[in-house]
Amino acid sequence: KGNSKVYEQVLLPKNKGKLQVPSISFSFFNPTTGKYETVKKDPININVEESAESKQGIKVVGTAGQEKMMYPDEKIGTDIIHIKDKPGKFVKRDDYLYKMPIFWFGEALSFAVFITLVVLHRKRERIRTDRRYARGLKAPKAARTGLDKAKSFMNKGKVLEFYDIIFKTLQNYLGNRLDLSMGNVTVQIVDEKLTKAGCDEDIRKDLKDIFFKCDSTRYASILPEKKETIDDLEKVRKIINYLERAKL
């Protein structure tokens, strides 16, 4: 009103009976006197009586002329969350699973396992449906087994058995690698196929020499010296290693 300012303070008595509102002081600057002044209000005695409506909630009464407002009785835990005696496990805010390294590790591992299974499945299907591919896969292992047996015969001085296993190893390897039946693994047919594939001339010459040596040993009983068997074993290894890298 005019040059006045009104402040209101709500007072909530906790008990009924005769109570006293403490004295109130207010400091301000008085422009008329040019000084800071303090005004005090003496304590106010009040008599609090219990209302029949007190059980329904808390009644707040404002200054004269204002309407009465009724607030329902508060139920602990339904409005402001009360203090918990046992708060349980604390979790960091915004600490989502997708932000953890272990989550992405698991995702990468799952993807790698999936890709591996797909590759293995395709490989099994190709082995089942592609005969030449299947024969080519087992060729190196069978060749290594044959060469190990040949080396064992060589160390024992069994030259005839050595060249016999060398011939069978090459026949089996070339049959699987070139998709030929055992009867069609001849020097002429093999040389034609290797020539078409663009194989090295020295490799083809060494292969012919080995086949000739095997035939002369098995059928003409011409037994080479041990040094020759060592050289021939290394020559066969060289031929197989070359053919494994070649596109036939």
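Helices here are DSSP runs of at least four residues and strands are runs of at least two, both numbered from the N terminus. What you have open is a predicted model.

**Stop 1: the whole chain**

Follow the chain along its sequence and the pattern reads β-β-β-β-β-β-α-α-α-α-α-α. There are 248 residues in the chain, and buried ones make up 21% of them. Take the contacts between residues at least 6 apart in sequence: 56% of these join residues at least 24 apart.

**Stop 2: Lys-40, on a strand**

Select residues 35-41, which is strand E3, and pick out Lys-40 in it. Is Lys-40 buried or exposed? Its relative accessibility is 71%, and since anything over 50% counts as exposed, Lys-40 is exposed. Now show Ile-24 and Ser-25: Lys-40 touches both, leaving aside residues up to four places away in sequence. Draw a C-alpha to C-alpha distance from Lys-40 to Ile-24 and you get 5.6 Å, for two residues that are 16 apart in sequence.

**Stop 3: where H1 meets H2**

Next, select residues 101-129 for helix H1 and 131-155 for helix H2. Their axes come within 5 Å and cross at roughly 110°. Angles of 65 to 115 degrees count as roughly perpendicular, so that is the label for H1 and H2. Show side chains at the meeting point: H1 brings Lys-123, Arg-126, Ile-127 and Thr-129, while H2 brings Arg-131, Tyr-133, Ala-134 and Leu-137. Sorted by type, the residues of this contact are four nonpolar, one polar and three charged.

**Stop 4: H3 alongside H6**

Move on to helix H3 (residues 159-178) and helix H6 (residues 226-245). How do the axes of H3 and H6 cross? They come within 12 Å, at an angle of roughly 10°. That is under the 35 degree cut-off, so H3 and H6 count as roughly parallel to each other. To see the contact, select Val-159, Phe-162, Tyr-163, Ile-166, Leu-170, Tyr-173, Leu-174 and Arg-177 on H3. Between them, the residues of the contact divide into 11 nonpolar, one polar and four charged.

**Stop 5: Asp-179, in a loop**

Step into the loop between H3 and H4 and select Asp-179. Most residues other than glycine have a negative phi. Asp-179 is not a glycine, yet its phi is positive, at about 55°. Its relative accessible area is 24%, which makes Asp-179 partly exposed.

**Stop 6**

Rolling a probe the size of a water molecule over the atoms shows where empty space is left. How many cavities of 30 Å³ or more does the count give? There is one, and the largest cavity holds about 40 Å³ of space. To find the spot, select Val-187, Val-190, Asp-191, Leu-194, Arg-204, Leu-207, Lys-208 and Phe-211, which line the largest cavity. Helix H4 (187-196) and helix H5 (201-220) each supply at least two residues of that lining. Colour the lining by type and you'll see five nonpolar residues, three charged and no polar.

Methods
Residues are numbered from 1 along each chain as its sequence is written. This is a predicted model: local features need pLDDT of at least 70, side-chain atom pairs count only at pLDDT 80 or more; totals for chains, interfaces and linings use all residues. Side-chain values use heavy atoms; hydrogens and water are left out. On a 1 Å grid over the protein atoms alone, a cavity is a set of points where a 1.4 Å probe fits but cannot get out, and a pocket is an open set with protein on both sides within 12 Å along at least five of seven lines; lining residues have an atom within 4 Å of a point. Grid points are joined across faces, edges and corners, and a volume is the space filled by probe spheres set on the points. Ala, Val, Leu, Ile, Met, Phe, Trp, Tyr, Cys and Pro count as nonpolar, Asp, Glu, Lys and Arg as charged, and the others, Gly among them, as polar. Axes are lines fitted to C-alpha atoms, for helices over the stretch in contact, and angles run from 0 to 180 degrees between N-to-C directions. Angles under 35 degrees count as roughly parallel, over 145 as roughly antiparallel, 65 to 115 as roughly perpendicular and the rest as oblique. Contact means heavy atoms within 4.5 Å. Buried means under 20% relative accessible area, exposed over 50%, partly exposed in between (1.4 Å probe, protein chains only).
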